[in-house]
Amino acid sequence: MFSTRAGHRILLLAVLVTGFISILYIASFAQPPPPVPVRTGKDSSTAKNNGPLLSGHAIAPKLGNETVKAELGRAAWKVLHTTFARFPEKPTDDEKEALRSYVHLFQRLYPCGECAEHFSTVLEKYPPQVSSRSAAAMWGCMVHNIVNKRLHKPEFNCENIGDAYDCGVVRRARVLGACCRCFGELPR
Ligand SMILES: Cc1cc2nc3c(=O)[nH]c(=O)nc-3n(C[C@H](O)[C@H](O)[C@H](O)COP(=O)(O)OP(=O)(O)OC[C@H]3O[C@@H](n4cnc5c(N)ncnc54)[C@H](O)[C@@H]3O)c2cc1C
Ligand SMILES: *[C@@H]1O[C@H](CO)[C@@H](O)[C@H](O)[C@H]1NC(C)=O
């Protein structure tokens, strides 16, 4: 009788010890917890954290060929001005940060290396304005004019920037029949 109870105790102890060792063994294979993300992408400090990424050296090699350079430039300015014209008039912090990063990386990765290098000095002096659609569009017109001046091209009147690129809400009535056809869609 006594020996039976002792046997039960030993068996119970053995089961507990085995279970405990099994748990330790399995736990040793578990993944370490993922690292805590450093950035939230929410506030203006992000721009500083991203500094080296957004303002590092121009990446593309020298382009040289003037025909290709001009074609690329016309296409690129069209993308930029149209992006600004369709940016929200009241952007969220996230949207502002997205535009700021986009412009900086657009510069770094611009396929004409010599253009990108010059444009980095423009961005340094005139950081992208991302507070609203009109601020972004005005800023875009202004920096394009800086490039125009350097290339001895005529200055663009930035008061006309809305007529040239805007497909936004303000001109919705007119846009239906006119400028939004360029996007193949109706304004939202
Ligand atoms: C970021 C960037 C940097 C560049 N750097 C160089 C460089 O260093 N060297 C070089 O040779 N080329 C550079 N280019 C290309 C150059 O700016 C021109 O795109 C190219 O010379 C062709 O000029 P374009 O006369 O056809 O008119 P673009 O300057 O390409 O302009 C296209 C059209 O946009 C309109 N426009 C003109 N000015 C404005 C304005 N201020 N705001 C809004 N719309 C306007 C006009 O309708 C114009 O016809 C650069 C382009 C970009 C996007
Ligand atoms: C520049 O590129 C164009 C288009 O690809 C080409 O036709 C032209 O021959 C090139 N010019 C030079 C000087 O290489």
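Residues 24 or more positions apart account for 61% of the contacts in the protein chain with a separation of 6 or more, a contact being two residues whose C-beta atoms, placed from the backbone, lie within 7 Å. Here are some points to go through with the structure open.

1. **What you are looking at.** This is a predicted model, in which local features need pLDDT of at least 70, side-chain atom pairs count only at pLDDT 80 or more, and totals for chains, interfaces and linings use all residues. Residues are numbered from 1 along each chain as its sequence is written, while chains are lettered from A and ligands numbered from 1 in the order in which they are written.

2. **Overall make-up.** The protein chain has nine helices and zero strands; these elements are DSSP runs numbered from the N terminus, with helices being H or I of at least four residues and strands E of at least two. Of the 188 residues in the protein chain, 16% are buried. Buried is taken as 20 or more other C-beta atoms within 10 Å of the residue's own, exposed as 12 or fewer, and partly exposed as in between, with C-beta atoms placed from the backbone.

3. **The ligand shell.** Ligand 1 is surrounded by 22 residues, and the closest are Gly73, Ala76, Cys115, His144 and Phe156; a residue is near a molecule or strand if its C-beta atom, placed from the backbone, lies within 6 Å of it. Helices H4 (66–85), H6 (113–125), H7 (133–150) and H8 (161–165) each supply at least two residues of this shell, and H4 gives the most, with seven. By class, the shell has 12 nonpolar, six polar and four charged residues. Here Ala, Val, Leu, Ile, Met, Phe, Trp, Tyr, Cys and Pro count as nonpolar, Asp, Glu, Lys and Arg as charged, and the others, Gly among them, as polar.

4. **Gly73 and Cys115.** Gly73 is found in helix H4 and counts as partly exposed because 16 other C-beta atoms lie within 10 Å. The C-alpha atoms of Gly73 and Cys115 are separated by 9.3 Å, although the two residues are 42 apart along the chain.

5. **Helix H5.** Lys96, Glu97, Leu99, Arg100, Val103, His104 and Gln107 are buried in H5. These buried residues fall within an arc of 165 degrees seen down the axis, so they line one face of the helix. Exposed residues Asp94 and Leu109 are on the face turned away from the buried side of H5.

6. **Helix H7 and what follows.** H7 has 18 residues and reaches 26 Å from its first C-alpha to its last, close to the 26 Å expected. Its buried residues are Arg133, Ala136, Ala137, Gly140, Cys141, Val143 and His144, and what covers them includes H4, H5, H6 and H8. Do look at His152, in the loop between H7 and H8: its phi is near 60 degrees, a positive value in a residue other than glycine. His152 counts as exposed because it has 6 C-beta neighbours inside 10 Å.

7. **The cores.** The largest nonpolar core has 11 residues, including Phe84, Leu99, Val130, Cys141 and Tyr165; such a core is a set of buried Ala, Val, Leu, Ile, Met, Phe, Trp, Tyr and Cys residues joined through C-beta atoms within 7 Å. H4, H5 (93–109), H7 and H8 each supply at least two residues of this core, and its largest share, three residues, comes from H7. A second, separate core of five residues includes Tyr110, Cys112, Ala116 and Phe119.

Note on methods:
Arc of directions from axis to C-beta. Expected span 1.5 Å × (residues − 1).
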